[in-house]
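Trainee: Could you take me through one part of this model in detail? I would like to see how two neighbouring pieces of a chain meet, after a quick stop at a single residue.

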Amino acid sequence: MGRKLLLDKAHIEGIRYYDVYRKNGGYAAAEKALKSMSPDLVTEEVKKSGLRGRGGAGFPTGLKWSFLAKPEGVPRYLVCNADESEPGTFKDRYLMEFIPHLLIEGLLISSFALGANRTYIYIRGEYAWIPDILEEAIAEAHKNGWLGKNIQGTGFDLDIYVQRGAGAYICGEETALIESLEGKRGNPRIKPPFPAVKGLWQCPTVVNNVETLAAVVPIINIGGDEYAKYGTGKSTGTKLISACGNLNKPGVYEIDMSISVEEFIYSDEYCGGIPNGKRLKACIPGGSSVPILPANLLLKTAKGEQRMMTYESLNDGGFATGSMMGSGGFIVLDEDQCVVRHTMSLARFYHHESCGQCSPCREGTGWMKKVLLNIENGKGKESDIDLLWDIQRRIEGNTICPLGDAAAWPVAAAIRHFRDEFEWHVRHPEEAVKRNFGLAHYADPLPVAAPAAAV
Amino acid sequence: MAVQFSEEKLNKVKEIIARYPEGKQKSALIPVLHLAQESFGGWLSAETMDYVASLLQIDPIEVYEVATFYSMYNLKPVGKYLFEVCHTGPCMVSGSDNIIEYIKERLGINVGETTADGLFTLKTVECLGACGYAPMMQLGKFYKEHLTKARVDEIIAECRAKAN
Amino acid sequence: MAEEKKLFKVTIDNIPVEVEPGTTILNAARMIGGDVVPPAMCYYSKLQGSGGKCRTCLVKVSKGSDADPRPMPKLVASCRTTVMDGMEVANITSPEVLDARKGVVEFLLLNHPLDCPVCDQAGECDLQDLSYEHGVSSTRYEFKRRTFDKIDIGDHIKLHMTRCILCYRCVFTADQLTNKREHGILGRGDASEISTYIKNSLDNDFIGNVIDVCPVGALTDRTARFKNRVWFLKPVDAHCTCDKCSGKAVLWMRGDEIFRVTARKDKYGEVEEFICDTCRFERKDAKDWVIEGPRKVSRHSVISQGHYVGTRKPQETIARVMDGRAPKLLMDIHSVSEVNMPAVDLSKIDGPAHSNDFPKNNGAQ
């Protein structure tokens, strides 16, 4: 069994409520931090833990905290990013629904470390029932002296508020989230200035993902050094993976970042393999924005090594032959799935979610969707594949926020690895609307390139 | 009839505004629009939006800008039961297309339409964060997950029963 | 003792310039001038918060600063990136930048109707200029373009949303120049549009400035629309006594007739001083104004053709190239045509001729 730090008590009945949570060791970390540690010491522990942002970018959390500007007399804010909207990702929802107090405790410790007295949880609007769960937990915490004025007699004040969004993927981008929290359209801001200097209402602000903030609890409980012993290399601790698509047991899993991708998909402890005896065709291992990989490159790196569920191993080979950990949204496609159609659905998603502020993303995402729809419907041309490549290339890196990149990468990776499937679509349009390309050679073992001989 | 929140809802608005520092009541816009949509027939008319603007002391255009940006606000009347079926990648590979087709057939409407009795509206939406429990849809405040044809029948029957 | 301000040294396309800290790359480039200035479709120096959206001004920062010489990983919007001491920037010397800019122009034109022949903005359109310089001659877009209905927003302004490139300048203008903004960006993504939502009329003393800041023909002056092509009009600087604005404007004239009044624009197409709606829409009588003289227009502009300052008469040139000999007249048009009037000397008419130049009684007074 993999070791767990976040969901270890998720199975306990009633863990959603304060009494059960507290009885099972809850708020011990908060007590430790507030009563025996200084804010800087908490930040130091988080730095030592090597915790990386769990929202998708994987930026070291302790470092992010240390960038927060601390001018005199200006309030600072912590905002919890619960706008989980990346296709394939539903892990934060699980945390908030089942162990809301873990998040509240994480928020309390983090707010204490950052010196924030007012903290917001920005949750996606569609999770309409979860604010009630969170607000109930907040009320319980208040009642028991973990929120409000002079928490546990330490002199620290904190209020946590839940803010619902209203349907916009872009609000997961931290500056768009801040704009939305200010009651505006979710247009990402042009950086700099960064939120750490000018964020919510122009005050220094840290925006962290739900899972990141929850992970602060075990870090304080066991210490940063101990936390860093979990996982592999720079991928310390545990990670929540939300697995979906063609799997026997889709769901949210907490993994110690030391298992292989193959084990994650096929072992009974995790996803339990692919249903109906089908074979694995492709996988998007980190949420829809990260590159899709064919089965052969997913399970083994181009060097022929086993691919592991870590930030580094998933990224091994870069964009040419690797992918990313991203937000941990693990989407599995079996041999019956059509990569062109799947890519089209993602392009449609990004087109729908583009805020429209900057021209490459506003115009480019819709264009890609239309071209892909043509290919999918048997109306594509051979030149469309190169056109798609060119469009994504001109979006990537040229937009205000990472949504442009997120829209470009899935298209780029699909063409990079599945070009023959696209070509089959445009060359055999009549067949393509009736049946799928199938598994083809995508699971065949790849020859491992011999190390370049010295010339 | 003029658009007007009940006393209880007005208190809720006050409570929402109090979550923000003084002078930042514009932040309450998104939650108050949710409240308005729930209270005034499931959609936001121009009159409703102007009312929200007056409550928050902001210009009406600021409300229109926000209401048209976010996909959860309905700018036209919708049926009593709004089926919002996800059709993004993960749901798609789990069979959402068949579910959408089936709902269309059962309700006799296309995506984006409302049944003649005003009971049901069908919409397709992008990822709702329930990929592991696909196919799924949002119905009001809650998610209906692991949809099958039989489950869709049940849901439609439940809605009909409740409406009567 | 006066403190000497430390200036930052920046190099743009290998040309050094010293600027004050806080200056953006774009403005540093404007201080150098010429070809190294990146084009800007959404940035407007007079409008706070503008810029960063159109992405035409992307440049490459090949060296961040003396202190941190690492290059920036992505191209940056020069209008919103401030310079650092020792920064090195590549604009037209970077193939990557030129390629990206080509891409941006393609994106901007993707849904643009390209209806320049019937667009009032033609001849003074930033997008037209940008496309000529950086665009390609054909499109790869094979789908139906996005269209919107034309609407009148008030008595004076026409909104032709189909042409809009969503630069947000008009929104900033309304925010910063008027006391109540009544139009904004509605919708999302490529369905975004400039609108008032419910058909409102924009009336405010300064709202007419949205016409001047619009880089394309999306917002035009209803009092001047279709009255004349800009290149047939002669822009003259003029002023009036106005209690709302400086009264400094440009009159677009033909003969004594004022077709249009705009603010004065600098060489980057930016308004020097915003004018009020009374000056813009209501003062169309030459008697309202004190004319200062012809507006200087770049000789590269099509507008300069209606601007006969310093031009030579053809006779002088002919005489010179023919070593002083007079041209041999093969046919006198007046001997075969009654349409043209010998009594009217076309070369004496300032600007293009129009019907008023030809007296009704055939010129033979």
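Mentor: Happy to, and please keep in mind that this is a predicted model. Our quick stop is I318(C), which counts as partly exposed because its relative accessibility is 31%. I318(C) sits in helix α7 of chain C, which spans residues 314-321. From I318(C) to V104(C) there are 214 residues in sequence and 46 Å in space, C-alpha to C-alpha.

Now to the meeting of two pieces, in chain A. This chain is divided into domain 1 (18-229), domain 2 (233-334) and domain 3 (339-435). The centres of domain 1 and domain 2 of chain A, taken over C-alpha atoms, lie 27 Å apart. To their contact, domain 1 of chain A brings 21 residues and domain 2 of chain A brings 24. Together the two domains bury about 1600 Å², with carbon and sulfur atoms giving 53% of that area. On the domain 1 side, R52(A), R54(A) and F90(A) lose the most area to domain 2 of chain A, together 31% of what that side buries.

On the side of domain 1 that touches domain 2, the elements giving two or more residues are α5 (91-98) and α10 (224-228) of chain A. Of these, α5(A) gives the most, with three residues. By class, that side of domain 1 of chain A has eight nonpolar, eight polar and five charged residues.

Terms used:
Residues are numbered from 1 along each chain as its sequence is written. Chains are lettered from A and ligands numbered from 1 in the order in which they are written. This is a predicted model: local features need pLDDT of at least 70, side-chain atom pairs count only at pLDDT 80 or more; totals for chains, interfaces and linings use all residues. Side-chain values use heavy atoms; hydrogens and water are left out. Helices (H or I, at least four residues) and strands (E, at least two) are DSSP runs, numbered from the N terminus. Buried means under 20% relative accessible area, exposed over 50%, partly exposed in between (1.4 Å probe, protein chains only). Domain bounds come from an automatic or database domain assignment. Contact means heavy atoms within 4.5 Å. Buried area is the accessible area (1.4 Å probe) that two parts lose on being put together, summed over both. Ala, Val, Leu, Ile, Met, Phe, Trp, Tyr, Cys and Pro count as nonpolar, Asp, Glu, Lys and Arg as charged, and the others, Gly among them, as polar.
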